[in-house]
Protein chains: 2
Amino acid sequence: MVSVLTQIKETQAANPIDRLLAATATDMAKVNALILSRADSHVEMVPDLARYLIESGGKRLRPMLTVAAAMLFGKGSGTAINFAAAVEFMHNATLLHDDVVDDSDMRRGKPAARMVWGNKASILVGDFLLGQAFMMMVETGDIASLGVLSSASAVMAEGEVFQLAKTGDLTTTPEDYAEVIRAKTAVLFQAACEVGAMSSGADETGRQALATYGLELGKAFQLVDDALDYGGQSGTLGKNVGDDLREGKMTLPVILALAEGNVAEREIITSALGQADATDAQVSAVVAVMERHNTLVRTMELAQAHARAAQQALAVVPESEMRALLVDVVEHSVMRAY
Amino acid sequence: MVSVLTQIKETQAANPIDRLLAATATDMAKVNALILSRADSHVEMVPDLARYLIESGGKRLRPMLTVAAAMLFGKGSGTAINFAAAVEFMHNATLLHDDVVDDSDMRRGKPAARMVWGNKASILVGDFLLGQAFMMMVETGDIASLGVLSSASAVMAEGEVFQLAKTGDLTTTPEDYAEVIRAKTAVLFQAACEVGAMSSGADETGRQALATYGLELGKAFQLVDDALDYGGQSGTLGKNVGDDLREGKMTLPVILALAEGNVAEREIITSALGQADATDAQVSAVVAVMERHNTLVRTMELAQAHARAAQQALAVVPESEMRALLVDVVEHSVMRAY
């Protein structure tokens with residue numbers, strides 16, 4: 001039998017996400033049970049499709065943050081369980097709709113739900129998950145947290161529309177991009193952390209600290225994702241590299257390269273941007289332009305700056321193991337692109 | 001100057017929907033202003049698309065029912081305004097998604113939003129409207145009504161998935177169909193009326209009466225729609241007739257005809273069902289089968305039965321002009337298919 005001390009040591013040695021998994025395991029078991037039961041329906045296609053996505057091995061980072069934020073200010077459990085499950089449903093609803101909008105074939109290493117059940121079912125099951133998310137929130141009776149999450153829901157959709165409107169738009173600015181990643185990604189991280197803190201009765205300072213932590217972590221997270229889509233800081237080519245380019249997504253690495261490249265370099269980018277059939281050689285040529293102008297490194301530097309802001313936001317929260325862990329989680333999220 | 005008496009007389013002579021419009025005009029002006037302001041966004045495509053749909057001349061029957069239900073038990077206004085606008089946003093979000101799911105080209109006599117802005121924008125703006133709907137509900141602070149509407153939201157999506165799963169399924173039963181129309185249509189009518197009553201502090205009896213009124217009216221409404229899609233009781237062919245057939249939608253007229261037709265008649269139906277390019281002659285042949293088995297008349301008879309149930313539900317509500325008007329609205333909704 002493995003001693004508790006050994007378990008703790010092993011956990012400490014593990015990476016911060018695994019340590020977060022261990023620290024939130026009791027509550028996350030409740031969250032996962034709730035997620036499964038609320039994905040159920042007498043209409044077979046609903047649980048079939050929903051569970052296919054939900055059980056496909058996502059890390060469930062967002063609901064873990066809700067649970068962790070609740071534990072930071074109290075013992076956890078309580079309404080945090082419902083909010084965590086609701087946050088994950090909102091996220092999964094977004095994934096289902098995004099895969100339709102982006103014509104994505106793959107998600108989490110297997111065919112996207114829309115490739116198995118079709119676009120129509122993906123749209124409607126996304127709507128179902130969103131409705132179930134709101135039902136779980138309503139059950140808490142906590143109208144203030146409902147306000148945070150319903151606002152996040154509208155802002156996320158608005159951000160997705162903004163991103164869509166800017167697709168292939170060469171005039172997209174870094175400020176436009178900052179607004180897109182805030183709205184489409186960071187606001188849900190923000191809400192996930194904020195409602196977790198609220199569920200444990202955090203005061204205004206604590207609530208605001210966790211909101212800022214989530215917001216900044218979410219921005220860093222998306223910046224890293226967008227750098228990784230071009231191979232990360234090292235520009236290493238691997239699977240899925242160039243997806244954003246082929247979809248015409250105006251992310252920071254490409255915005256900066258377009259702004260600073262010469263005529264020939266801009267032509268290399270624009271000839272591949274938004275071209276679903278752009279070759280790997282074309283993607284490599286674009287990454288070479290990015291490396292000449294250091295745009296992947298600078299994207300990661302911006303991610304680092306937001307990561308620091310996330311960590312600093314926790315300074316007003318009393319010191320604890322959970323606080324230290326949340327600081328480490330930020331570090332780890334950024335490290336994955338080096 | 002037209003005297004008030006003359007105005008009242010003219011209003012009484014008008015059809016019930018026009019009289020409902022007149023009776024709810026003051027509150028509906030507030031609802032319409034709220035709808036317009038909440039469809040706004042700094043992302044231009046959002047209000048452009050949302051207003052294109054919202055201002056395309058729908059009757060706004062659902063929010064009018066919310067306002068009317070509130071007036072039935074009180075003076076109206078108050079939180080009913082927010083709930084009415086939220087109900088209309090939920091309905092419009094559904095229309096945007098349905099048009100994508102059904103590949104519909106037209107909506108309310110003009111090109112569907114997806115034909116102008118594309119499927120992607122229609123999906124995302126639908127999500128935005130749903131998020132805004134929940135924000136308007138949250139502002140009321142009324143968690144019980146939020147429960148009614150969030151539940152409706154999930155059930156509606158579930159009903160749409162069920163309908164999708166049953167598309168072209170020759171084993172679909174009248175019971176399956178009853179569940180589809182309850183979930184996809186009637187539950188929102190039910191919620192619209194119920195939260196209106198709740199917003200005026202109706203007691204449990206009043207709340208339940210309005211919920212039943214809305215539910216039964218909604219079922220009648222959808223049955224009439226489904227009969228109209230084959231020309232109504234008279235089987236008169238006109239624009240859009242046969243859309244459901246071509247989309248493979250298993251509505252009651254076709255379910256009954258398949259159940260009772262002989263081999264040759266079933267073949268006439270199955271050769272056209274779900275065929276986007278079925279000719280008008282094929283549709284006419286299917287309608288002829290329906291007339292031989294009386295399935296359009298029987299669909300309308302079922303609509304009438306639900307209409308009666310809606311009217312009877314109001315018997316427990318104290319007599320008033322508004323109650324009489326809500327009774328007449330039911331009659332009118334069914335009459336449109338004769």
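In which element of chain A is A:Leu61 found? A:Leu61 is found in helix 5 of chain A, where helices (H or I, at least four residues) and strands (E, at least two) are DSSP runs, numbered from the N terminus.

Before I go on, the conventions. This is a predicted model, in which local features need pLDDT of at least 70, side-chain atom pairs count only at pLDDT 80 or more, and totals for chains, interfaces and linings use all residues. Residues are numbered from 1 along each chain as its sequence is written, while chains are lettered from A and ligands numbered from 1 in the order in which they are written.

Back to A:Leu61. With 20 other C-beta atoms within 10 Å, A:Leu61 is buried. The cut-offs, with C-beta atoms placed from the backbone, are these: 20 or more other C-beta atoms within 10 Å for buried, 12 or fewer for exposed, and partly exposed in between. A:Leu61 and A:Ser234 are 173 residues apart in sequence, and 25 Å apart in space, C-alpha to C-alpha.

Next, A:Arg60. A:Arg60 lies in the loop between helix 4 and helix 5 (61–73) of chain A. A:Arg60 is buried too, with 23 other C-beta atoms within 10 Å. Its phi is positive, about 55°, although A:Arg60 is not a glycine.

There is a positive phi to report in chain B as well: B:Asn294, not a glycine either, has about 65°. Its place is the loop between helix 14 (280–292) and helix 15 (295–313) of chain B. B:Asn294 is partly exposed, with 15 other C-beta atoms within 10 Å.

Now the two chains together. How many residues does the contact take from chain A and from chain B? It takes 35 from chain A and 35 from chain B, with two residues in contact if their C-beta atoms, placed from the backbone, lie within 7 Å. On the side of chain A that touches chain B, the elements giving two or more residues are helix 4 (45–54), helix 6 (79–101), helix 7 (113–140) and helix 8 (143–165) of chain A. Helix 8 of chain A gives the largest share of that side, 14 residues. By type, the residues on that side of chain A are 22 nonpolar, nine polar and four charged. Here Ala, Val, Leu, Ile, Met, Phe, Trp, Tyr, Cys and Pro count as nonpolar, Asp, Glu, Lys and Arg as charged, and the others, Gly among them, as polar.

The same surface serves both copies, since 100% of the contact residues of chain A recur in chain B.

Then the core. A nonpolar core is a set of buried Ala, Val, Leu, Ile, Met, Phe, Trp, Tyr and Cys residues joined through C-beta atoms within 7 Å. The largest one has 241 residues, and those with the most contacts inside it are A:Ala68, B:Ala68 and B:Val161. Not counting residues up to four places away in sequence, B:Val161 touches A:Val43, A:Met45, A:Val46, A:Ala121, A:Leu124, A:Val125 and A:Phe128.

One helix pair within chain B. Helix 6 (residues 79–101) and helix 9 (residues 174–199) of chain B pack at an angle of about 170°, with their axes 9 Å apart. Axes are lines fitted to C-alpha atoms, for helices over the stretch in contact, and angles run from 0 to 180 degrees between N-to-C directions. That makes helix 6 of chain B roughly antiparallel to helix 9 of chain B; under 35 degrees would be roughly parallel, over 145 is roughly antiparallel, 65 to 115 roughly perpendicular and the rest oblique. Helix 6 of chain B contributes residues including B:Phe83 and B:Met90, and helix 9 of chain B residues including B:Leu188 and B:Val195. The residues of this contact divide into seven nonpolar, four polar and no charged.

Last, A:Pro174, which lies in helix 9 of chain A. A:Pro174 counts as partly exposed, with 13 C-beta neighbours inside 10 Å. Not counting residues up to four places away in sequence, A:Pro174 touches A:Leu252 and A:Ile255.
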